[in-house]
Amino acid sequence: MSVSQNSVSSKESPKPGIKESCRLWFWLFRVNLFISTFTFGGGYVVVPMIRKYFVFQKRLFTEEELVSMAAVAQSTPGAIAINLSALAGYHTAGFAGAVISCAAAVIPPFAILSLVSLWYAAFASNHLIAAILKGMQAGVAALIVDLVADMCAMVLKERSILLTAMVPAAFCAVFFLNINVALILIVCCLLCILRIWQKQRKEKCDESFT
């Protein structure tokens with residue numbers, strides 16, 4: 001009798017791996033839902049929030065990996081915030097994490113825009129909502145400046161003349177020359193590919209001499 005009860009209890013009790021996975025999936029859904037609900041101002045504002053929860057609190061990946069994911073999210077089609085949430089979820093919990101994170105990131109804007117579309121005239125003419133949005137713009141600007149400062153610090157840590165020069169060059173190309181951002185990204189990617197190719201070629205030459 002005791003053997004049968006033990007066998008039944010062992011069948012009913014979930015495996016530790018499944019329990020941990022469910023907890024991680026729930027955490028991903030909750031965090032991405034919170035970030036998507038209370039983050040305004042564009043995709044790059046999501047980066048400090050993801051860094052806070054994924055990098056600092058949970059230590060699921062490093063800041064360098066987050067910057068790489070942000071670059072991929074920027075260069076791929078679609079909204080940056082959703083792309084970045086999906087990449088962070090995939091890096092954390094595989095394909096299931098990407099699906100859960102993407103769904104959690106889509107739900108809040110879909111629900112909010114659906115409500116706004118029903119009463120668009122009332123929202124557009126409401127002075128209180130206009131004042132709230134103006135205040136959000138100031139907060140978003142501060143978050144973007146903080147993000148830019150952190151990303152520039154990471155670039156300077158590389159101690160590369162090319163990468164250091166690319167930051168002000170890209171800014172001048174956008175701000176003063178009004179060059180398309182997509183073209184600037186393509187040029188920067190090609191320069192980085194050329195840099196890596198030259199570095200690998202130099203390493204092969206050094207190995208051949210040794």
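The lining of the largest cavity in this predicted model draws at least three residues from each of two domains, domain 1 (18–119) and domain 2 (126–158). A search of the whole structure finds 1 cavity of 30 Å³ or more, and the volume of the largest cavity is about 50 Å³. Its lining consists of Val47, Arg51, Glu63, Leu66, Val67, Leu147, Asp150, Met151 and Met154. Helices α3 (46–57), α4 and α7 are the elements that give two or more residues to this lining, and α7 gives the most, with 4 residues. Sorted by class, the lining of the largest cavity has 6 nonpolar and 3 charged residues, but no polar ones.

The domain assignment gives domain 1 (18–119), domain 2 (126–158) and domain 3 (160–209). The centres of domain 1 and domain 3, taken over C-alpha atoms, are separated by 28 Å.

The largest pocket has a volume of about 1,600 Å³. It is lined by 33 residues, and those nearest its centre are Ala71, Met151, Val155, Val167 and Leu185. One of these, Met151, also lines the largest cavity. At least two residues of the pocket lining come from each of α4 (63–75), α7 (127–157), α8 (161–175) and α9 (181–209). Which helix supplies the largest share of this lining? Helix α9 does so, with 9 residues. By class, the lining of the largest pocket has 26 nonpolar, 3 polar and 4 charged residues.

The second largest pocket has a volume of about 750 Å³. It is lined by 30 residues, and Thr39, Phe40, Pro109, Ile112 and Leu113 are the closest to its centre. The elements that give two or more residues to its lining are α2, α5 (80–118), α6 (120–124) and α7. Helix α5 provides the largest share, 11 residues. In the lining of the second largest pocket there are 22 nonpolar and 8 polar residues, and no charged residues. Domain 1 (18–119) and domain 2 (126–158) each give at least three residues to this lining.

Asn32 has its place in helix α2 (residues 16–38), while Ser85 lies in helix α5. Is Asn32 buried or exposed? Its relative accessible area is 1%, and since buried means under 20%, Asn32 is therefore buried. Ser85 has a relative accessible area of 4%, so this residue is buried by the cut-off of 20% as well.

The side chains of these two residues make a polar contact with each other, at 3.4 Å. The side chain of Asn32 makes a further polar contact with the side chain of Ser101, at 3.2 Å, and it reaches the backbone oxygen of Leu28 at 2.7 Å. Leaving aside residues up to four places away in sequence, Asn32 touches Phe54, Ser85, Ser101, Ala104 and Ala105.

A final pair concerns distance across the model. Ser85 and Val174 are 89 residues apart in sequence, and their C-alpha atoms are 27 Å apart in space.

Terms used:
Residues are numbered from 1 along each chain as its sequence is written. This is a predicted model: local features need pLDDT of at least 70, side-chain atom pairs count only at pLDDT 80 or more; totals for chains, interfaces and linings use all residues. Side-chain values use heavy atoms; hydrogens and water are left out. Buried means under 20% relative accessible area, exposed over 50%, partly exposed in between (1.4 Å probe, protein chains only). A polar contact is a pair of N or O atoms within 3.5 Å; within protein, one must be able to donate a hydrogen and the other to accept it, and residues adjacent in sequence count only if both atoms are side-chain atoms. Contact means heavy atoms within 4.5 Å. On a 1 Å grid over the protein atoms alone, a cavity is a set of points where a 1.4 Å probe fits but cannot get out, and a pocket is an open set with protein on both sides within 12 Å along at least five of seven lines; lining residues have an atom within 4 Å of a point. Grid points are joined across faces, edges and corners, and a volume is the space filled by probe spheres set on the points. Ala, Val, Leu, Ile, Met, Phe, Trp, Tyr, Cys and Pro count as nonpolar, Asp, Glu, Lys and Arg as charged, and the others, Gly among them, as polar. Domain bounds come from an automatic or database domain assignment.
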